[in-house]
Amino acid sequence: MPGLRGFTRRPPPARERCELCAEPLAGEHRHLVDTGKRSLMCACTGCYLLFTRPGADSGRFRAVPDRYLADPGFTLGEESWNRLQIPVGLAFFFRNSELDRLAAFYPSPAGATESELDPETWRDVLGPSRLAGLLRPDTEALLVRRERGEGSGGGTGPGECYLVPVDACYELVGRMRLHWQGFDGGAEARADLTEFFARVRAAARPPADEDLAEAADARGADRGTDRDSGRSGNSGGTEGS
C-alpha cells in the first residue's frame with residue numbers, strides 16, 4: 001500500500017563524511033592521522049590540504065602523503081627476519097611520535113597485530129635500507145615482505161621493502177582480514193596479496209634527490225628542537241612538563 005512504502009523501502013546507504021567538517025566525501029578521498037588517538041581519519045580535500053602546509057604536521061593531525069618508494073637493493077636474510085620476531089612473512093614499521101618509538105605490525109585474521117621492536121633490532125635489521133631514514137613519522141611505513149621460495153625446500157627469497165603511505169598498510173590489513181581462511185590465509189587471501197603488491201611495485205620509484213634533501217632538513221630540525229629543549233631544561237624546564 002502507498003502508505004507503507006516508506007517502511008518497506010531500504011534506506012539509501014549513508015554517505016561517508018569528512019571527520020573534521022562533515023562534508024560528504026567522494027568515493028576516493030585522503031586521510032589524516034590523529035596522533036593522539038593513534039587512528040586514521042577520512043578527510044575532504046580542503047581539510048586534507050590544511051595539514052599539508054609547512055609546520056602543520058607539528059600538531060595533532062598529520063596528512064598522509066601519497067609517495068611510494070622502493071629499495072631494489074634490499075635483502076633480508078632468514079636470521080635477520082627471525083630477530084624481528086614476526087610470525088608471518090609480512091610486516092610494516094612506522095615511527096609513533098606520541099610514544100616516541102618505532103612500532104611493528106603484521107596482518108592476521110584479527111586485524112593488525114603489534115609486535116615488540118627494540119631500537120637496536122631496528123638499526124641492525126632495517127636501518128641499512130636506504131628508505132629507513134626517509135620515513136615521515138606516523139604517516140608513512142616501511143612495508144617488508146619475505147617471499148616463500150618455490151619447491152619443497154621451503155626457503156625464502158631476499159624480500160621486498162617499500163616506503164608507503166600508512167593508510168595503504170591498513171588497507172592491506174583489512175583485505176587480509178576479509179579474505180583470510182584457515183591457517184595460512186588460503187588461496188583468496190594469497191591472490192589478493194599478490195595483486196596488492198603488484199600495485200605497490202607499479203607505484204613505487206627509487207628515492208630522488210628531493211626525498212634525501214627533505215630527510216636531511218627534518219633531521220636538522222629535530223637536532224634544533226633537541227638543543228632548544230636542552231636550553232629549556234637548564235633554565236628549569238617548562239610549566240607542566
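Helices (H or I, at least four residues) and strands (E, at least two) are DSSP runs, numbered from the N terminus. With that in place, here is the chain. This is a predicted model, so local features need pLDDT of at least 70, side-chain atom pairs count only at pLDDT 80 or more, and totals for chains, interfaces and linings use all residues. Residues are numbered from 1 along each chain as its sequence is written, and side-chain values use heavy atoms, with hydrogens and water left out.

The overview first. The protein chain has 7 helices and 9 strands. Of its 241 residues, 38% are buried. Buried means under 20% relative accessible area, exposed over 50%, and partly exposed in between, with a 1.4 Å probe and protein chains only. The accessible surface comes to about 14,600 Å², and carbon and sulfur atoms hold 51% of that. Those areas come from the Shrake-Rupley method with a 1.4 Å probe; for residues, only the protein chains shown count as cover. Now contacts, meaning heavy atoms within 4.5 Å. Take the contacts between residues at least 6 apart in sequence: 61% join residues at least 24 apart.

Next, the sheet. Six strands make an open sheet, in the order E4-E9-E8-E5-E6-E7, with antiparallel pairing. E4 and strand E7 (111-115) are at the edges with a single partner strand each, so one side of each lacks a neighbour in the sheet. Pairing here requires that DSSP finds at least two bridges between two strands.

Look at E9, residues 160-165. It is mostly covered, with 6 of its 6 residues buried. On one flank, strand E4 (residues 69-70) pairs with E9 over 2 bridges, in the antiparallel sense. There, Ala70 has Tyr162 as its bridge partner. Strand E8 (residues 140-145) also runs antiparallel to E9, joined by 6 bridges. In that pairing, Arg145 stands opposite Glu160.

Stay on E8. Glu140 lies in this strand. Is Glu140 buried or exposed? It counts as buried, because its relative accessibility is 0%. What does Glu140 touch, not counting residues up to four places away in sequence? The list is Pro65, Arg67, Phe93, Phe94, Leu134, Leu135, Leu163, Val164 and Val166. Then the polar contacts: pairs of N or O atoms within 3.5 Å. Within protein, one atom must be able to donate a hydrogen and the other to accept it, and residues adjacent in sequence count only if both atoms are side-chain atoms. The side chains of Glu140 and Arg67 share one, at 2.7 Å. A polar atom of the Glu140 side chain also lies 3.1 Å from the backbone nitrogen of Arg136.

Arg136 leads us to Glu214. Glu214 sits in helix H7 (residues 209-234). Glu214 counts as partly exposed, because its relative accessibility is 33%. Leaving aside neighbours within four places in sequence, Glu214 is in contact with Arg67 and Arg136. With Arg136 there is a side-chain to side-chain polar contact of 2.7 Å. Glu214 and Arg136 are 78 residues apart in sequence, yet 9.8 Å apart in space, C-alpha to C-alpha.

Helix H6 (residues 186-203) comes first. It has 18 residues and reaches 26 Å from its first C-alpha to its last, close to the 26 Å expected at 1.5 Å a residue. That expected span is 1.5 Å times one less than the number of residues. Buried in H6 are Gly186, Ala189, Asp192, Leu193, Phe196, Phe197 and Val200. They cover an arc of only 130° around the axis, so they are on the same side of H6. The arc is that of the directions from the helix axis to the C-beta atoms. Ala187 and Ala202, on the other side, are exposed. The cover over the buried residues includes strand E5 (90-96), E8, E9 and helix H5 (166-179).

Last, helix H4 (residues 119-126). Thr121, Trp122, Val125 and Leu126 are buried here. Their arc is only 100° around the axis, which puts them on the same side of H4. Pro119 and Arg123 are exposed on the other side. The buried residues of H4 pack against helix H3 (78-84), E5, strand E6 (101-108) and E8. At the start of H4, a side-chain oxygen of Asp118 comes to within 3.1 Å of the backbone nitrogen of Glu120.
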